[in-house]
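Here is a short report on selected local features of one protein model. Please look at the structure first.

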Amino acid sequence: MTSDACSRRRPASRRTRRVRAVGVGALGALLLVIIGFLLWANSPYQAEREATLEVFRNGGIQVAAVDEGILMTPIADSIALPESPAGLVFVPGARVDAYAYLYQLSGIVEEQGVTMLITEPALNLAFFDTRELDDLTTAAPDVERWFVGGHSLGGVRACMMAADSEAEGLVLLGSYCANDLSESELTVLSIAAENDGLTELDTIAESAARLPDTARFEVIEGANHAAFGDYGPQSGDGERSITSEQMREQLTALLVELLR
């Protein structure tokens, strides 16, 4: 091979090495992004121990881990169960441990005999759970009337589940709908927190047109975004001035009016 031929090949070889180096670098960067995302998604806000244990100690409630999520059911000996029992499928907020909602949502189970299913989305993010409402109500086949709801991003996902489903109503906690349900016959209850720093009251008001005209809007004074669960302070949130017990009492009273 002549020296001229060798010199013509060297630039091509250097270009190939550069392309390979760029490709390896891009692949490495992508891998780091994926690993970072997985670590972020799998480090949720953990449920506070005492609030969770309070539910497990409650003699009127049974808690069970099932394929569909975490199931809270009333114990028949402790409450007169309604003739037409209701159930609520509830979707947690982004990166919030599902058990963090047990205490706040247990009031309607204990007082009204409502069955509660809290889902456990993959990667702790509601949009990674593509199951429909019918896939989740199998956890309690005896329940005749189903509602669907969620907190924060979980509420956005609940709106999507409510569309074209057999749900009787929709519950939004510090949340709003991204899809249009204004023409639906759903009974809707939207509960906001006065000091919510993540889902502000203006955001909820601006999205109200996507809900039926009959939708009911309530605000719990002194509450913040994280007050809808028991998982401690959340980055970017406002201050809260009510206790967990006070929050549960007010939340239960509002939910009872919808679900009884």
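Asn124 sits in the loop between S4 and H4. Its phi is positive, about 60°, although Asn124 is not a glycine. The model is a predicted one.

Leu123 is placed in the loop between strand S4 (115-118) and helix H4 (133-136). Phi of Leu123 is near 60°, again positive in a residue other than glycine. Leu123 counts as partly exposed, at 23% relative accessibility.

## An enclosed helix, H5

How many of the 10 residues of helix H5 are buried? Eight are, so H5 (residues 153-162) is largely enclosed by the rest of the structure. The buried residues are Gly154, Gly155, Val156, Arg157, Ala158, Cys159, Met161 and Ala162.

After H5 comes Asp164, with a positive phi near 60°.

## Aromatic pairs

There are three aromatic pairs in the structure. In one of them, Phe90 and Tyr101, the ring centres are 5.2 Å apart and the planes meet at 55°, so this pair is tilted. Phe90 belongs to strand S3 (residues 86-91), while Tyr101 lies in the loop between S3 and helix H3 (102-112), so the pair ties together parts 11 residues apart in sequence. Phe90 and Tyr101 are both buried.

Tyr101 also pairs with Tyr231. The centres of Tyr101 and Tyr231 are 6.5 Å apart, with 55° between the planes, and this pair is tilted. Tyr231 comes from the loop between strand S8 (216-220) and helix H7 (244-259), and Tyr101 from the loop between S3 and H3, so the pair ties together parts 130 residues apart in sequence. Are these two tyrosines buried or exposed? Tyr101 is buried, with a relative accessible area of 0%. Tyr231 is buried too, with a relative accessible area of 5%. Ring pairs link Tyr45, Phe90, Tyr101 and Tyr231 into a cluster.

## H3 against H7

H3 and H7 pack with their axes 8 Å apart, at an angle of about 50°.

On the H3 side, the contact takes in Tyr103, Gln104, Leu105, Ser106, Gly107, Ile108, Glu110, Glu111 and Gln112. These residues meet Ser244, Glu245, Met247, Arg248, Leu251, Thr252, Leu255, Val256 and Leu259 in H7. An α-helix has 3.6 residues a turn, so residues three or four places apart point the same way. In H7, the contact list includes Ser244, Met247, Leu251, Leu255 and Leu259.

Arg248 lies over the face of Tyr103, 4.9 Å from the ring centre. Both Arg248 and Tyr103 are in the contact between H7 and H3.

Where is Asp67 found? Asp67 is in the loop between strand S1 (61-66) and strand S2 (69-74). Asp67 is exposed, with a relative accessible area of 76%. The C-alpha atoms of Asp67 and Glu120 are separated by 9.4 Å, and the two residues are 53 apart along the chain.

Notes:
Residues are numbered from 1 along each chain as its sequence is written. This is a predicted model: local features need pLDDT of at least 70, side-chain atom pairs count only at pLDDT 80 or more; totals for chains, interfaces and linings use all residues. Side-chain values use heavy atoms; hydrogens and water are left out. Rings of Phe, Tyr and Trp (its six-membered ring) pair if their centres lie within 6.5 Å; planes under 30 degrees apart count as stacked, over 60 as edge-to-face and the rest as tilted. Helices (H or I, at least four residues) and strands (E, at least two) are DSSP runs, numbered from the N terminus. Buried means under 20% relative accessible area, exposed over 50%, partly exposed in between (1.4 Å probe, protein chains only). A charge sits over a ring if NZ of Lys or CZ of Arg is within 6 Å of the ring centre and within 35 degrees of the ring normal. Axes are lines fitted to C-alpha atoms, for helices over the stretch in contact, and angles run from 0 to 180 degrees between N-to-C directions. Contact means heavy atoms within 4.5 Å.
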